[in-house]
Amino acid sequence: MSSKGPQATAAQPAIVLDVVVIGAGFSGMYALHTLRAAGLKARVYDEAHNVGGTWNWNRYPGARVDFPVAPYYCYTFSDELMNEFDWPERQPDQATVLKYLNFVADRMDLRRDIELGTRITDATYDETRQRWWVDTSRGTPIDAQFVVCASGALSTANMPKIPGIETFAGECYHTGRWPQDDSVDFTGKRVAVLGTGSSGVQSIPHIARQCQHLTVLQRTPQYTVPAGNKPVDPDFVANARATWPEIKQRMRVTPFGSPFQASTVRAEEHTPEQRREVYEKFWQVGGFNIVIDTYCDLFTDKFSNDTLAEFVRDKIRSIVKNPETARKLLPNYLIGTKRQILDEGYYDTFNRDNVTLVDLREDPIVEFYPGGVRTQSGEHPLDMLVLATGFDAITGTLQRLNPRGRGGVTLNECWKDRFNSYLGITIPRFPNLFMITGPGSPSVLYNMTASIEQNVDFVSNTIDHLREHHYTSIEAQPREELAWTQYVDWISKQTIYTKVKSWYNGENVNGKPAGFMPYAGGGLTYFEFVRQAVDNGYRGFTRSV
Ligand code: N01
């Protein structure tokens with residue numbers, strides 16, 4: 001055993017499990033449910049004091065689901081869950097999603113096998129025993145055959161490195177690590193929000209309404225469209241419940257995992273007037289549909305993309321009254337290359353007297369000081385700083401755990417130059433360790449809950465298969481890993497996603513290996529690849545006894 005393994009003693013014996021599951025969010029909870037149903041002794045660990053994963057941490061004001069419409073951002077495996085939980089709004093807020101996940105934890109009787117307030121601090125593969133030694137922040141060693149990393153794609157906060165930021169003496173919060181009580185109060189305060197991705201854009205209108213003055217520190221302007229949030233129509237819900245099997249099937253055969261039929265019309269097939277009419281209609285309805293239901297070539301054809309980008313830029317010019325502020329808010333890259341944002345009056349917020357936009361490209365930050373932030377043009381006194389600076393996405397949490405695999409190799413050694421995986425689920429030299437939303441899986445480019453269910457099902461079925469055939473371990477083959485990683489890379493280059501800097505490419509974190517992390521070929525082909533690997537005798541995997 002590696003010297004890094006836990007020190008089980010007579011006084012502190014190891015907990016013996018079939019499966020350790022890291023994380024109590026959507027994927028960890030479904031993993032527990034599924035693995036237990038398969039007769040396995042599984043236990044979930046999470047450092048938070050609540051279930052919910054990212055939906056527990058992201059409590060900033062305005063946090064909402066951005067995926068198309070309730071009730072499609074939820075588990076599909078259980079009709080009871082579908083029928084018994086009422087989603088009040090089309091774009092459910094964070095509190096509602098967290099309520100749903102707590103409801104699931106109770107309804108599926110998950111809590112007895114979830115240990116909260118407990119971080120997994122180390123995982124080391126013991127080759128002789130073909131099992132994992134796992135350490136926890138409580139010092140309880142665990143001896144498990146399998147490790148399921150259900151630690152989420154957006155769970156490690158990206159803390160900006162800016163001169164003097166540690167000297168700032170006011171309140172400072174990261175949107176992805178928001179205080180777990182209701183203690184944050186903006187009343188009468190001078191607040192700055194750093195960052196204008198989804199978290200910044202969602203929170204800025206809410207903060208502006210409550211604080212004395214808001215300074216928005218923007219490095220890259222974003223395209224955002226109205227969320228169009230509204231109460232869910234009871235007839236719509238009744239119909240969704242009645243036709244749930246068909247809806248589930250439709251979700252599995254569309255590229256993004258949504259039940260909506262994407263457009264088949266190309267932008268150039270319409271006149272400029274027709275396009276404007278189409279975009280206006282979807283702008284008024286709100287939601288993601290403006291990028292899914294309008295034109296099929298928005299993400300593959302520059303002309304098409306430009307038509308929507310210009311439509312949104314025109315909207316900004318017409319909404320924001322101060323032309324200079326409007327100019328600073330205009331994005332000038334391909335729309336859709338960053339995650340599409342849905343907002344609740346974002347652009348209009350800049351018409352408020354108590355909001356100032358600082359364009360960091362023209363007026364960069366020099367430093368933070370105890371009383372505020374100094375940009376090239378002058379000082380901005382602050383009582384509170386909100387860091388909406390995103391995440392070390394998809395790989396960050398696993399890299400911090402840095403498990404040690406066969407031959408003592410660490411994950412960070414394997415991921416030094418690029419984020420290799422086989423099918424986004426496994427990594428050579430890390431036998432019996434599975435990722436649910438890892439690099440090389442569709443993860444954030446697909447309906448997260450639907451992709452989670454399918455990858456968890458793969459893991460559970462695989463463990464079942466191993467046991468049935470008396471194998472003790474399974475490991476991805478390096479040749480297949482290389483081929484898959486090259487394919488993921490190639491597919492991403494066929495899309496527009498790689499044309500701008502974004503967290504999809506890891507470019508938001510200093511020193512992170514660059515490369516497009518999610519599988520961009522659509523869920524349909526991805527799950528077919530996984531199915532074929534299984535059907536062909538676990539092609540690309542080595543199973544050992
Ligand atoms: O993070 P981001 P996010 N100095 O990385 C800026 C999901 N999500 O938390 O663009 C100055 O998108 C950075 O600037 P730039 C969703 O998938 C979902 O907002 O790099 N600025 C950018 O403006 C989303 O895509 C929901 O130039 C700095 C911002 O911070 C993902 O999470 C809600 C900086 C970071 O934007 C991440 O979104 C919220 C620096 N040093 C999030 N460092 C739902 O609704 C960073 N920035 C479900």
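Two strands pair if DSSP finds at least two bridges between them, and the strands themselves are DSSP runs of E with at least two residues, just as helices are runs of H or I with at least four, all numbered from the N terminus. The structure described here is a predicted model, in which local features need pLDDT of at least 70 and side-chain atom pairs count only at pLDDT 80 or more, while totals for chains, interfaces and linings use all residues. Residues are numbered from 1 along each chain as its sequence is written, and side-chain values use heavy atoms, with hydrogens and water left out.

Strand S14 is in turn joined to S15 by 4 bridges, the two running antiparallel, and here Val373 has His380 in S15 as its bridge partner. Another hairpin, again through 2 residues, leads from S14 to S15. Taken together, these 3 strands form an open antiparallel sheet in the order S13-S14-S15, whose edge strands, each pairing on one side only, are S13 (365–369) and S15 (378–381). The twist of this sheet averages 20° from one strand to the next, where angles run from 0 to 180 degrees between N-to-C directions and axes are lines fitted to C-alpha atoms, for helices over the stretch in contact.

Another open sheet has 5 strands, which pair in parallel and follow the order S7-S16-S8-S9-S12. Its edges are formed by S7 (171–174) and S12 (355–359), each of which pairs on one side only, and its twist averages 15° from one strand to the next. Strand S7 runs parallel to strand S16 (residues 384–387) and is joined to that strand by 4 bridges, with Leu385 of S16 as the bridge partner of Cys172.

Helix H1 (residues 26–37) packs against helix H15 (residues 448–468) at an angle of about 35°, and their axes are 9 Å apart. Residues of H1 that make the contact (heavy atoms within 4.5 Å) include Phe26, Tyr30 and Leu35, while those of H15 include Ile452, Val456 and Ile463. Sorted by class, the contact has 7 nonpolar, 4 polar and 2 charged residues, where Ala, Val, Leu, Ile, Met, Phe, Trp, Tyr, Cys and Pro count as nonpolar, Asp, Glu, Lys and Arg as charged, and the others, Gly among them, as polar.

Finally, there is the ligand. Of the 25 residues around the ligand, those that come nearest are Arg64, Thr196, Ser199, Arg219 and Thr220, a residue being near if one of its heavy atoms lies within 4 Å. A backbone N or O atom of Thr196 is 2.9 Å from a ligand oxygen atom, and an N or O atom in the side chain of Arg219 also lies 2.9 Å from an oxygen atom of the ligand. For Ala388, a polar backbone atom lies 3.3 Å from an oxygen atom of the ligand.

How values were computed:
A polar contact is a pair of N or O atoms within 3.5 Å; within protein, one must be able to donate a hydrogen and the other to accept it, and residues adjacent in sequence count only if both atoms are side-chain atoms.
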